[in-house]
Amino acid sequence: VMLVLLIIFMVTAPLLQQGVDIDLPKASAQTVEPGSVPPIVVSVDKRGAFYLNISDAPEQAINETALLKRVAAEHQLDANRPVLVNGDEATRYGQVVQLMVLLQSAGIEKVGLMTESPDTDSL
């Protein structure tokens with residue numbers, strides 16, 4: 001029984017650490033203090049596809065309509081929950097602006113932009 005449980009945990013552990021491969025721009029910015037509620041993170045990859053960390057499949061691209069509905073619903077539940085944009089540095093500026101307008105239409109008034117510290121080495 002212990003061996004079976006160990007194998008199950010070994011198989012499922014990597015699945016819990018899913019994400020989108022984003023190369024964040026490097027900038028010296030103030031660190032956001034972690035709150036009790038994890039922020040809503042909307043990512044834009046270099047192709048311009050959107051990803052949402054609170055979606056059912058955060059590693060899969062989400063269309064604008066679904067993104068708008070999900071973010072608006074989460075904002076209605078907790079208007080103080082922070083919203084962050086995680087944009088790949090190779091993303092066109094227009095894609096980030098389009099995302100910001102989309103978030104504004106969802107009722108989000110304050111949006112943070114994620115960066116990576118310049119002294120952080122990428123793997």
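**Exercise 1.** In which helix do R70 and E74 lie, and how many residues apart are they?

*Solution.* The model is a predicted one.
Step 1. Helix α2 holds both R70 and E74.
Step 2. They are four residues apart, about one turn of the helix.
Step 3. Their side chains form a salt bridge, with N and O 3.8 Å apart.

**Exercise 2.** State which parts of the chain the salt bridge between R70 and D56 ties together.

*Solution.* Step 1. The closest N and O atoms of R70 and D56 are 4.0 Å apart.
Step 2. R70 belongs to helix α2 (residues 64–77), whereas D56 sits in the loop between β2 (50–52) and α2, so the bridge ties together parts 14 residues apart in sequence.

**Exercise 3.** Find which residues are joined with E74 into one network of salt bridges, and sort the members into buried, partly exposed or exposed.

*Solution.* Step 1. E74 also forms a salt bridge with R81, where the closest N and O atoms are 2.9 Å apart.
Step 2. Through shared partners, D56, R70, E74 and R81 form one network.
Step 3. Buried means under 20% relative accessible area, and exposed means over 50%.
Step 4. E74, at 14%, is buried, and R81, at 15%, is buried too.
Step 5. R70 has 27% and is partly exposed, while D56 has 79% and is exposed.

**Exercise 4.** Give the order of helices and strands along the protein chain.

*Solution.* Step 1. The chain has three helices and four strands.
Step 2. Along the sequence they follow the pattern α-β-β-α-β-α-β.
Step 3. Of the 123 residues in this chain, 28% count as buried.

Definitions and conventions
Residues numbered from 1 in each chain as written. Predicted model: local features only at pLDDT ≥ 70, side-chain atom pairs only at ≥ 80, totals over all residues. Heavy atoms only, no water. Helix = DSSP H or I, 4+ residues; strand = E, 2+ residues; numbered from the N terminus. Buried < 20%, exposed > 50% of the residue type's maximum accessible area, 1.4 Å probe, protein only.
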